[in-house]
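Me: I've got a model open and want to go through it piece by piece. Can you take my questions as they come?

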Amino acid sequence: SLYDLVWAAIDKKLDGIETVYYSPIGLLNKVSFAAIPVNEKKLLIDKYHLIQLNSTKELLEDQKIKITPSDALVLYGGIAYDADSTLLKKITGNKKTDAGNEGTEIINNGAQSWNYLPFSKLEVKAIQKIGLAQHYKISLISDENATEESLKSLDGNSSPAVLHIASHGFFFPDPKDKKPLNSQQTFKQSTNPLLRSGLFFAGAFYTWTKNKNVSGLEDGIATAYEIANMYLPNTKLCVLSACETGLGDLYGSEGVLGLQRAFRIAGVKNLVMSLWKVPDTETAEFMALFYDHIFKQQTIADSFQAAQSTMKNKYRNDPYKWAAFILVR
């Protein structure tokens, strides 16, 4: 029924076409087009190479972006959310960045999960191993070192070609009953969609559960608002290996207001994000496949398609395990 609703009319005009560039609108931003069934035996990914665009104007830009050995890669994984504040101060030198620290006072309980993500560390180590074998320059940031300060230090000319963040993420929908913000309210009540989505870094547990941050330190919660105030001019690819990072508020033709919009404002050329809660094991498997193609200097789009196709063939009857991730340019 989904195929009939959103694609059947288009399909009739695509005879002989193999690659389709598309820019979804409204609720279609929540749809994994690759997993749409055409019939009982075939999915849309079986018929077309699908490339999602933030806007059709992106067609005017370079279609064949690659990551080369001269490019720098920064990988985050195995983050210590409950890192001790004393150790964090020692690591950061007790210095805040100037990229902003908005939203700290409106944090309260409600985190989806504070479990350490062991597979996230295995994920980035596997990527690092593959890359080093191909002589790529890779920095791995984990445990207590994975601070919000370290993320914001990548601003400007320090921005890497690839930024990979394997962490917990959050998105809260637009609240129906908006209340005045004060220290007792949560991100859920913010009227700004860029404050209702973000990523967790070292030490975030303290801020989220205690409703306050450690003096002299960032709060460990990088909101979309803060990320939008960064400048990442060199970043060809950002991978958000976390749950629901592709979600946000939908405003008609304005697109998705959340982490997706934030990284685009910051200057990132290609974004890999998720539409739903992703299983750790299959996520690590997907990422290893994706980067294996990246390090063979295939284009970002071709690498994503190849990894997704391999995962689809292995888990064909369970799209939950392979279809959550989308590549948006």
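Me: Is Asp143 buried, exposed or partly exposed?
Reply: This is a predicted model, where local features need pLDDT of at least 70, side-chain atom pairs count only at pLDDT 80 or more, and totals for chains, interfaces and linings use all residues. Residues are numbered from 1 along each chain as its sequence is written, and side-chain values use heavy atoms, with hydrogens and water left out. On relative accessible area, buried means under 20%, exposed over 50% and partly exposed in between (1.4 Å probe, protein chains only). Asp143 comes out at 25%, so call it partly exposed.

Me: Which residue forms a salt bridge with Asp143?
Reply: A salt bridge here is a side-chain nitrogen of Lys or Arg within 4 Å of a carboxyl oxygen of Asp or Glu. For Asp143 the closest N and O atoms of the pair are 2.9 Å apart. Asp143 sits in strand E4 and its partner in helix H5, so parts 22 residues apart in sequence get tied together (helices, H or I of at least four residues, and strands, E of at least two, are DSSP runs numbered from the N terminus). The partner is Lys121.

Me: How many residues apart in sequence are the parts tied together by Lys152 and Glu218?
Reply: The two form a salt bridge, with closest N and O atoms 3.3 Å apart. Lys152 belongs to helix H6 (residues 148–152), while Glu218 is in the loop between helix H7 (204–210) and strand E8 (221–223), so the parts they tie together are separated in sequence by 66 residues.

Me: Which residue meets Asp46 in a salt bridge?
Reply: The search of the whole structure turns up 12 salt bridges. In this one, N to O is 2.5 Å, and the partner of Asp46 is Arg316. Asp46 is in helix H3 and Arg316 in the loop between H11 and strand E13 (325–328), so the pair connects parts 270 residues apart in sequence. Asp46 is partly exposed at 31%, and 31% is also the relative accessible area of Arg316.

Me: How far apart are the C-alpha atoms of Tyr48 and Leu14?
Reply: Tyr48 lies in the loop between helix H3 (44–47) and strand E2 (49–52), and at 4% relative accessibility it counts as buried. Its contacts (heavy atoms within 4.5 Å), leaving aside neighbours within four places in sequence, include Trp7, Asp11, Leu14 and Gln305. Tyr48 and Leu14 are 34 residues apart along the chain, yet their C-alpha atoms are separated by 9.7 Å.

Me: How many residues does the largest nonpolar core have?
Reply: A nonpolar core is a set of buried Ala, Val, Leu, Ile, Met, Phe, Trp, Tyr and Cys residues joined through side-chain atoms within 4.5 Å. Among those with the most contacts inside the largest one are Trp7, Phe290, Tyr291 and Trp322, and its total is 50 residues.

Me: What is phi of His135, roughly?
Reply: Most residues other than glycine have a negative phi. His135 is in the loop between helix H5 (118–133) and strand E4 (137–143), and it is exposed, with a relative accessible area of 66%. Its phi is positive, near 70 degrees.
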